[in-house]
Amino acid sequence: MEAKDLLDRLVSKNMTLSAMESLTGGLFSAFFTAIPGASKVFRGSLVTYCNAAKEKFGVRKETLESHGAISAECAKEMCLAASALFQSDVAISFTGNAGPTADEEKPVGLVYVGIKVRENYYGYRLDLKGDRDTIRRQLIDFAFAKIMEKIGE
């Protein structure tokens, strides 16, 4: 799935996009905004790499203390916060562990993705294999394909 395909679909549906990224470090936004015309639909993104940044931009402290940053709950709060902050039709969030070692006693490759399309929220847990770059790239590919699927034809 190419970012250009997603851009074309969002334009045709008159929908906007935003993101809140952690382990991807802005990679999703970089891939998407590398396409000419992305400004027609892309509202913005935040890289909330540390817990303090996540909390500052909408993840509840209680969520981080109870579930950790690498959790479905954190991914959901990140996604909903991005959607609200940027007033976008579609929002995506990424949180997890790209390695090289376990974090929060959670294994390398455990990641959570949140996608909100208008009023619908979809959460995904992925157990990916590979090194940091491979895991992050798999996430970007997953994201483009899954958003395309959720926004429909």
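**View 1. Thr 16, a buried residue in the loop between H1 and strand S1 of this predicted model.** Thr 16 has a relative accessible area of 11% and is therefore buried, a word that here stands for under 20% relative accessible area, with exposed meaning over 50% and partly exposed in between (1.4 Å probe, protein chains only). The loop that holds Thr 16 runs between H1 and strand S1 (17-21); helices (H or I, at least four residues) and strands (E, at least two) are DSSP runs, numbered from the N terminus. When neighbours within four places in sequence are left aside, Thr 16 is in contact with Val 41, Arg 43, Gln 87, Ser 88, Asp 89 and Val 90, where contact means heavy atoms within 4.5 Å. Because the model is predicted, local features need pLDDT of at least 70 and side-chain atom pairs count only at pLDDT 80 or more, while totals for chains, interfaces and linings use all residues. Residues are numbered from 1 along each chain as its sequence is written, and side-chain values use heavy atoms, with hydrogens and water left out.

**View 2. The crossing of helices H1 and H6.** The axes of helix H1 (residues 3-12) and H6 come within 9 Å and cross at roughly 25°, the axes being lines fitted to C-alpha atoms, for helices over the stretch in contact, with angles running from 0 to 180 degrees between N-to-C directions. H1 is therefore roughly parallel to H6, a label given to angles under 35 degrees, whereas over 145 counts as roughly antiparallel, 65 to 115 as roughly perpendicular and the rest as oblique. The crossing of H1 and H6 is left-handed, that is, the near helix is turned anticlockwise from the far one by less than a right angle. On the H1 side, Ala 3, Asp 5, Leu 6, Arg 9 and Leu 10 meet Phe 144, Ile 147, Met 148 and Ile 151 of H6.

View 3. Leaving aside neighbours within four places in sequence, Arg 136 is in contact with Leu 23, Thr 24, Gly 25, Leu 27 and Ala 98.

**View 4. Salt bridges, of which the structure holds seven.** Asp 141 and Arg 137 meet through their side chains in a salt bridge (3.1 Å, N to O), and, being four residues apart in helix H6, they are separated by about one helical turn. Asp 141 is partly exposed at 33%, as is Arg 137 at 36%. Another salt bridge joins the side chains of Glu 104 and Lys 106 (3.4 Å, N to O); here Glu 104 is partly exposed at 31%, whereas Lys 106 is buried at 18%.

Notes: Salt bridge = Lys/Arg side-chain N within 4 Å of Asp/Glu carboxyl O.
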